Amino acid sequence: MKAWRIILAIAGISLGLFGVFRLVTEIPAHNLLVLALWMLAALAIHDGVLSPAVVTVSSALRRHVPDRGRRYLQIALIMGALITVIAIPMIFLRGSQPAAKALLLRNYGANLSLLIGIIAVITLSLYAVRVARDRPPPSAHGTQTAATKE
Amino acid sequence: MLRQRPRWWPRFSSTLRSTAVTARIGTALGVAISILFVTGLLSHYQYEPWTWLPQPAKPVWGYRLTQGIHVATGIATIPLLLVKLWSVYPNLFRFPPIRSIQHALERISLAILVSTALVQVITGFLNVLNWYPFPWYFVTVHRFLAYVLVGSLLLHIGVKLPDIAYGLKAKVTDADVLTEIPWNENPSSHSNAGTLAAPRTPGISRRGLLAAAGAGIGIVVVTSVGQTVTPLEPLGLLAPRQWTKGPQSVPVNRTADQARVFQAATSAEWTLQVQGPRPYELALADLEARAVHEARLPINCVEGWSVGASWRGLSLLELVRQAGGTADSRVLVQSFEENWGFNHSFIEGPQLEAALLATHLNGQGLDLDHGYPLRLIAPNRAGVLNTKWLSRIEVLS
């Protein structure tokens, strides 16, 4: 494993330096500066805004939503969030292009809502099935005892 | 220097994160980035081929496939990367932040890896959407930043190889809990504490997390790939292009309006200059009689969208031969559009033999936006290199 680690490290550093060298020699200094700002901004926004927001939502869910329902809510939120990330720039840029390009013509806001709606219906149905299954069959003496057990 | 982590230092208690989870997501991401790198290099070769190895003409859908995969994979990589970064977010808060020079260098290389990966996929997606909120030329930066990204990824894999080996070997359900304390330095970590019950993951399970992320990414792919896999167009809720809405059912990337060619293209005085050992010119009236060659060829854009189409036109090789060239000639194809870098292209080898100068598309005369009165179309050729609004052909050798 050690030999592999050294090979990977040397290959990686060489390729990376080659890329940096080409960038520095072929991109004007001003543009390189803006590129560096983009990279810093990407790190800052991801690590400083997006990730803390996800952590905050997760711990809020852990505190306020019971375990059984939470997993379905988490599934829906994970799927919905990953789709939303892709949809947002298209919602924002919709209609920005000449018609002949056939680019960004769709109603991405409505389409995103539709997808999230489908995800919500599916996860809610799965949750409903789970709740129904967890409920013990009514005993001969009535259903009250089953309800209080939960 | 502080020995103890301060009270306010972030602590992570979720048992969902695990080296086993990260290793699996990371493997998927590694595969995705490898695909992006290889297909990206193939695309670069479309634009700058070596003269001794011209682009093949077969399969005719070659570039359609590789660039379609490049863009579909790139779009899927955005959510995949976010999930990967979520899984290792506690590592950002290891204490102390810098333990040694080696540790500092590793953290710097990680910052480069993460920031290039984010910028690369975001600007790539913005290019697909034709939005350029940055001053640099996209192609050059995308190309060279790819080397930085893949280089820092290889280094990262080298550094993390023991963790990757552990993570892939361990079962997802009972592997370590990844927190801000590294598992291999924490004696009470699950993986170091001998046989223990698997950590409890109330709520969603680790498998459930992987499945939900996979399903989300799958939805993104299925609802966007219709811009390349044409039968899936009706499912393309999140597809940037909609080929059915283009003129003659084929989108364009540069309109006649953008190219400012309306006057020159609609002039009755239009001619095609054919230059070579025996130069001549063709007038509008000459085109119809010679436009007898038909081909079914896709138009496939660097931005990932593509659609098959029926073309009718003149054989470029016939025109070249008439001007004194041969099938081995290198040919310049020039547009009358001015002031644009892609207003010409070079064609040679197998693509020259198969190329048409098209006058008709899908059974109708070429639309102005598609390059009326005459455009180049060749198999396995990046869309923008199929030069439109032609004014001149030059046999160079």
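## The largest nonpolar core

In this predicted model, the largest nonpolar core has 123 residues, and M79(A), I83(A) and V220(B) touch the most other members. A nonpolar core here is a set of buried Ala, Val, Leu, Ile, Met, Phe, Trp, Tyr and Cys residues joined through C-beta atoms within 7 Å; buried means that 20 or more other C-beta atoms, placed from the backbone, lie within 10 Å of a residue's own. Helix 2 of chain B (residues 62-87) is the top contributor, giving 12 residues. Helices are DSSP runs of H or I with at least four residues, numbered from the N terminus.

Let's look at I83(A). Beyond neighbours within four places in sequence, I83(A) is in contact (C-beta atoms, placed from the backbone, within 7 Å) with L112(A), L115(A), G216(B), I219(B) and V220(B).

## Where the chains meet

Chain B brings 67 residues to the contact and chain A brings 58. On the chain B side, helix 4 gives the most, with 16 residues. That side has 47 nonpolar, 16 polar and 4 charged residues, where Ala, Val, Leu, Ile, Met, Phe, Trp, Tyr, Cys and Pro count as nonpolar, Asp, Glu, Lys and Arg as charged, and the others, Gly among them, as polar.

## How confident is the predictor?

The complex receives an ipTM of 0.92 and a pTM of 0.94. Mean pLDDT, the predictor's confidence in each residue from 0 to 100, is 94 for chain B and 92 for chain A. Over residues 142-150 of chain A, pLDDT is below 50. Where pLDDT is low, the predicted coordinates should not be read in detail.

## Reading notes

Residues are numbered from 1 along each chain as its sequence is written, and chains are lettered from A in the order in which they are written. Local features need pLDDT of at least 70 and side-chain atom pairs 80 or more, while totals for chains, interfaces and linings use all residues.

Technical notes:
A residue is buried if 20 or more other C-beta atoms lie within 10 Å of its own, exposed if 12 or fewer, and partly exposed in between; C-beta atoms are placed from the backbone. Helices (H or I, at least four residues) and strands (E, at least two) are DSSP runs, numbered from the N terminus. Two residues are in contact if their C-beta atoms, placed from the backbone, lie within 7 Å.
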